[in-house]
Amino acid sequence: MTTQPSLWSNRWVRLPLGFAATSLASLLAFYAGHDIAEMAFGKSTAEASAVTADAPFEIVAALNPANPAMAAKPAAAVVAPPADSPFVVKSILPINEPIKFGKFYWDETRAPATGPLVVTVDLTARVISVFRDGHEIGAAAILKGYGDKPTPTGVFPITEKDADHISNIYDAPMPHMMRLTNDGVAIHGSKVQLGYATNGCVGVPDDFAAKLFKVANLGDKVIITDGKKMSVGDPILAGEHAS
């Protein structure tokens, strides 16, 4: 551990007056920048934001007026796909009530027979939706993981499919398994009932799992969020994922 020398130690007393004046000027400049950041970010984040190169463009420019290299670093914008993209919601199933455990809906008549498939999972609502070319073709209640085995959030491609998979970790059947992560998280058929949970997987009714398994391909993306809702016109995938 290091300690700072006392301001009144002999070492500081012997410093040239010019160096001390320079240090005082730098200190005043730091606190001026600190005040600017505090006004922009609030007191709780001012200390972290005042000197970072990743701060918003206007703040970096104000704090570093003589450093155009830092000032020319605006935050990256998320580009939404066009309205006719297969990754924009074009229609949703006419479900007018909460989806009960064990129940699901499947109707492909509003969607083209082929097209990019995207699966969304909302952990808060405990619902999975399947979109083909932007049209919702399936929805079901899910089981999810809790405690020290939570279901992760993020965008995951389907990396493996196995209709008769047996978990080598829990020695349990995982019918119509569609793997999402290397550490065992997958979508698979489950006994979807109140009071049940998974070890991090997305459990869906067996018949729903069979239907999804049939239409899903390796590489199709599964988006797991915790409370994100979508309606017609909203992007399902955006930016680098919408490809």
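Strand β2 (residues 117–122) and strand β10 (residues 221–225) run parallel and pair over 5 bridges. Strands here are DSSP runs of E with at least two residues, helices are runs of H or I with at least four residues, and both are numbered from the N terminus. Two strands pair if DSSP finds at least two bridges between them.

This is a predicted model, in which local features need pLDDT of at least 70, side-chain atom pairs count only at pLDDT 80 or more, and totals for chains, interfaces and linings use all residues. Residues are numbered from 1 along each chain as its sequence is written, and side-chain values use heavy atoms, with hydrogens and water left out.

### The protein as a whole

The protein has 6 helices and 10 strands. It has 243 residues, and 35% of them count as buried. Buried means under 20% relative accessible area, exposed means over 50%, and partly exposed lies in between (1.4 Å probe, protein chains only). The protein exposes about 14700 Å². Carbon and sulfur atoms supply 58% of that area. Accessible areas come from the Shrake-Rupley method with a 1.4 Å probe; for residues, only the protein chains shown count as cover.

Contact means heavy atoms within 4.5 Å. Among contacts between residues at least 6 apart in sequence, 57% join residues at least 24 apart.

### The sheet of 6 strands

β2 and β10 belong to an open sheet of 6 strands. The order is β1-β4-β3-β2-β10-β5, and the pairing is mixed. β1 (104–106) and β5 (154–157) stand at the edges. Each has a single partner strand, so one side of each is left without a neighbour in the sheet. From one strand to the next, the twist averages 20°. Angles run from 0 to 180 degrees between N-to-C directions, and axes are lines fitted to C-alpha atoms, for helices over the stretch in contact.

β10 has β2 on one side and β5 on the other in the strand order. β5 and β10 pair in the antiparallel sense over 4 bridges. Phe-156 stands opposite Val-222 in β10. Thr-120 stands opposite Ile-223 in β10. β10 is mostly covered, with 4 of its 5 residues buried.

Strand β8 (residues 186–190) runs parallel to β9, joined by 4 bridges. Ser-190 has Pro-205 of β9 as its bridge partner.

### Helix α6

Which strands does α6 lie across? Helix α6 (residues 206–215) lies across β1, β2, β3 (127–132) and β4 (135–141), running at about 35° to β1.

The structure holds 2 aromatic pairs. Rings of Phe, Tyr and Trp (its six-membered ring) pair if their centres lie within 6.5 Å; planes under 30 degrees apart count as stacked, over 60 as edge-to-face and the rest as tilted.

| Pair | Centre to centre | Between the planes | Type |
|---|---|---|---|
| Phe-104 and Phe-208 | 5.7 Å | 70° | edge-to-face |
| Trp-106 and Phe-208 | 5.5 Å | 80° | edge-to-face |

Phe-104 and Trp-106 are in strand β1, while Phe-208 is in helix α6. Phe-104 is 104 residues from Phe-208, and Trp-106 is 102 residues from Phe-208. The ring pairs link Phe-104, Trp-106 and Phe-208 into a cluster.

Phe-104 is partly exposed, with a relative accessible area of 24%. Phe-208 is buried, at 0%. Trp-106 is buried too.

Another ring meets a charge. The charged end of Lys-161 sits over the ring of Phe-213, 4.4 Å from its centre. For this, NZ of Lys or CZ of Arg must be within 6 Å of the ring centre and within 35 degrees of the ring normal.

### Val-130

Val-130 is found in strand β3. Is Val-130 buried or exposed? Val-130 counts as buried, at 0% relative accessibility. Leaving out residues up to four places away in sequence, Val-130 touches several residues, including Trp-106, Phe-208 and Leu-212. Val-130 and Ala-140 are 10 residues apart in sequence and 9.2 Å apart in space, C-alpha to C-alpha.
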